Every structure is written in C-alpha cells, then in structure tokens.
Amino acid sequence: MQDILMYQWGLIIISSLLFFFLAPLSKKPAEFFNALSLKGKQPNVILLTSSLVISWIFAKSITNAANLGLEFGFVGGVAYAVYYLSFVVAGIIIYRLRTKGGFKSIHDFLSSKFGRKAVIIFSIVVAIRLFNEVWSNTMVIGSYFGEMGSSSYYFSILVFTALTLAYTLKGGLRSSMLTDAIQMVFFGVLLFVLLKLILSDETQPIGNFVETGEWSLAGGIDLLLVAFLQIFSYPFHDSVMTDRGFISPAKKTLKSFLAAAIIGFICITLFSLIGVFAKLNGLEGQAAVEVGKLLGLGSMLMLNFIMVTSAASTLDSAFSSFSKLSIIDLGFQKIPIVKMGRIMMILLAIVGTIPVFLNSEILSATTISGTMVLGLAPIFLFWNIKAPKLSFHLAIFAGIFIGIIHTVGWFPNSLVFTEGKYAGLLAANIWGTILCFTAYFTPILVIKNK
C-alpha cells in the first residue's frame, strides 16, 4: 500500500511540473482570457475538440460512469453518456447565436435580451456550477490516497488543488487548453490499455459486458431520461463549455462541438465497462478503485493517472472560466487585468475546497445542479423569440424551485409515477421542465393577447 501511495504522489507531482513548464506565460488579456496564442491565433479544431472533451470527462464523471456500470450494468454507462449529447445542443445554439444573432458571448446575449439583472442572476448560477466542479473533482483524487476524513485524504486534495492552480495561474485559458490536449492523449492511451486488460479475459467475452443490466426504468433508463431532459438546459450553465464556444471561428467551433459529442459519448460508455467488469466479478465499493486493486499495481496506477488528468483538466478549466466570468463577463472592470484574473482563480480554489471538509456527495453535483437550471432550456432553445424580461426570471426561478424541493425531499410522492432509484429525480425533471416552459411562455402569450 505504501508503494502505491508513493507512485501515486509521483504521478501527481511529475505531471503537474510537466504542465507547469509546458504552460505558456500569458501577459495579455486576450491570451489569458480568450486563449489566443502569442502570435494572436485562435485555437484550431483539434485543440478545441480535445479541450472540450477532456474538460468534460471530469474525474467525478468517469467515477460516476464506472459506479453506474457496477450498479446497473451496461445500461448505467449509456445512461450517463447521454449527458454528452449536451455538446450537440450547445454547439448548434451557440453557432446560431453567433451567426444569426451576432452575439459575442452568452452574457452578451442575455444582456441584450433580458438586461443586467438577468446577467447577474445567470452569473450566480454559473459561479455555483464552477464552485461545485472544484470540490466534486478533488474529492475523487482524495479517495485514491485515503479514506474520506483521513489526514492523507485531505492532504492529497490540498496539494493537488495547489499544483493545478499553479500552472493555470501561469497561462489562464490558453494554458488550460494546451494542457487539455496533452491530458486527452494520456486519457485515450491509458483507457485503451485498461480496456484491453479487462476485455482480454476469455471467461468474460465482450457480449457479457453489453448484456449486463436490464433496459427498464428501474434498471437505469430513469437516469437516461433525466439526462436527456437536462441536455437542453445543462450545458448553458457550464461556462467551461460555453466559453470555448466563442474563441474560434463559428464553423470550426460547431465542428468541434459535434465531434466532442461523439468522442465524449464513446469515452464515457467505454469507461463504464470498468464498472461492468467489477459487477461481473462481484466487486463492491467504488468501482474503479476496486478494479485497480483486482488487476494489480500497474492497473491501479493507470486508473489513478486517468483520474489525475481528468480532474486536473476540469479544475484548470473551472479556474480559467471563473476568472473570465469575474473580470470580463460581469464587466466590473472596463479594462481586463490579468493580475485580477489570477486573484479570482485563487479565490475559487479556496472557496471551492471548503465542501471537501463537509463530506459532500459527488453525484449530487451533477444531478442537483442539472435540475435547478431546467429553466435555461426555453431561454436558449427559443433565443430568437421576442420575450419580456419577466419570462427569463419566471423560468429561472421555476427551475431553482423544483431543484430545491427535490433536494430537501419535499417533492410530492403523488407526482412520482415510476419506480426505481431515480424515479423521484425523473419526476422532478419532467414536471420541472413543464413548469419552466409554462413560466417562460405565459408572459409572451399574455402580451400577444393584449
């Protein structure tokens, strides 16, 4: 065990130092906040696609995918992979916002259509999302170094967060995207090697993996439907994704988003097979950790490095997005200052680490926030329809209301019409979607009928 921890520490320190030395030093706001190269070039399709995919293959996401594969079989992995269709929805909408609407950012669109108050409310929602990304990903890293609550668990989280912050401070979004490309290569190679190991067992042919689980509501389809409902709203409160939608030419950006949807869906589905492997071998606990133990030191280190790269890519993206949100999107400073951007990164790192010490649930960071932002769906899907400011506020707060009552357990059981682990979540999202669309369009219809 001591040898494993030593190797794991080595992986984190060496990879972080590598990223720090490879990260460019951004001195100009365009480099730090918009990822322009030192020669003023925008990210190309390959760089943008790699960054989109790896920044969305969070440590918590692949952990959830593996655990869902363990719990529900192949169905669980596919259900979670549906979230990656968010790239299709966001890519098409952002393309139209840029080419048809002429908007330069999500905040530009909201400000033009719904005013300053809408921008502030939306920014608070985005900030909460970025806040969640910090603790929910670093907790996964901590789980590889010790039991939750142990000193080694907390220490590893603090060191990992500090090391990731260091190279992100150096180059901002440009640094984040360049290291993303490297992290994507690492992830792809290591995932291929791991899958070759678990699928080479003649006693467990590939057919056994695909046939595990039951394609029923209680067998995981309820979560699949939740994911499908949320992809029409979920991506728009994730500035890690949307920031990348405005830094390259519109057509190249659309190609990157569509490619990211395919690659992300495949990667998450394939990673869930690790959980299915755990299920077929009767393992219990955190799927990826237990499979690593079963396959030996080499596999454990590969799994650990996958977690490190995916967590780092999401963490550095969260830091750079929060910096841009604070300094540029909210417009508190007329002239963007790189130094202030770095200060905001440090602030998010500190505040975002606090929930680690409260033993929060990793999966809740996705499912709860996804329900609370259901109101974004009508706002962005019908972006070109004239709507009063009241429509925005009613839709947003309708989603927040549904998310809160579900989280605290006040959602009426009488409105739950299916069975299964996620039956309540599915019902909340169905009724929440109906409520949000109704709230958005009611003021529009009232004005038309006057």
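**Exercise 1.** Decide whether leucine 197 is buried, partly exposed or exposed.

*Solution.* Keep in mind that this is a predicted model.
- Step 1: Take the relative accessible area of leucine 197, which is 38%.
- Step 2: Recall the cut-offs: buried is under 20%, exposed is over 50%, and partly exposed is in between.
- Step 3: Leucine 197 is therefore partly exposed.

**Exercise 2.** Describe the largest nonpolar core and the surroundings of phenylalanine 380.

*Solution.* 
- Step 1: The largest nonpolar core has 131 residues, and Leu110, Ile379 and Phe380 have the most contacts inside it.
- Step 2: Helix H15 (residues 297-329) provides the largest share of this core, 15 residues.
- Step 3: Now zoom in on phenylalanine 380. Leaving aside residues up to four places away in sequence, phenylalanine 380 touches Ile93, Leu97, Ile106, Phe109, Leu110, Phe122 and Phe236.

**Exercise 3.** Classify two aromatic pairs: phenylalanine 20 with phenylalanine 21, and tryptophan 56 with phenylalanine 87.

*Solution.* 
- Step 1: A pair of aromatic rings is described by the distance of the centres and the angle of the planes.
- Step 2: For phenylalanine 20 and phenylalanine 21, the centres are 5.8 Å apart and the planes are at 80°, so the pair is edge-to-face.
- Step 3: For tryptophan 56 and phenylalanine 87, the centres are 5.2 Å apart and the planes are at 55°, so this pair is tilted.
- Step 4: Locate the tilted pair in the chain. Tryptophan 56 is in helix H3 (residues 45-56) and phenylalanine 87 in helix H6 (residues 86-99), 31 residues apart.
- Step 5: Check the accessibility. Phenylalanine 20 is partly exposed at 31%, and phenylalanine 21 is exposed at 65%. Tryptophan 56, at 1%, is buried, and phenylalanine 87, at 0%, is buried.
- Step 6: Widen the view: Trp56 and Phe87 belong to one aromatic cluster with Tyr80, Tyr83, Tyr84, Tyr234 and Phe257.

Conventions: Residues are numbered from 1 along each chain as its sequence is written. This is a predicted model: local features need pLDDT of at least 70, side-chain atom pairs count only at pLDDT 80 or more; totals for chains, interfaces and linings use all residues. Side-chain values use heavy atoms; hydrogens and water are left out. Buried means under 20% relative accessible area, exposed over 50%, partly exposed in between (1.4 Å probe, protein chains only). A nonpolar core is a set of buried Ala, Val, Leu, Ile, Met, Phe, Trp, Tyr and Cys residues joined through side-chain atoms within 4.5 Å. Helices (H or I, at least four residues) and strands (E, at least two) are DSSP runs, numbered from the N terminus. Contact means heavy atoms within 4.5 Å. Rings of Phe, Tyr and Trp (its six-membered ring) pair if their centres lie within 6.5 Å; planes under 30 degrees apart count as stacked, over 60 as edge-to-face and the rest as tilted.
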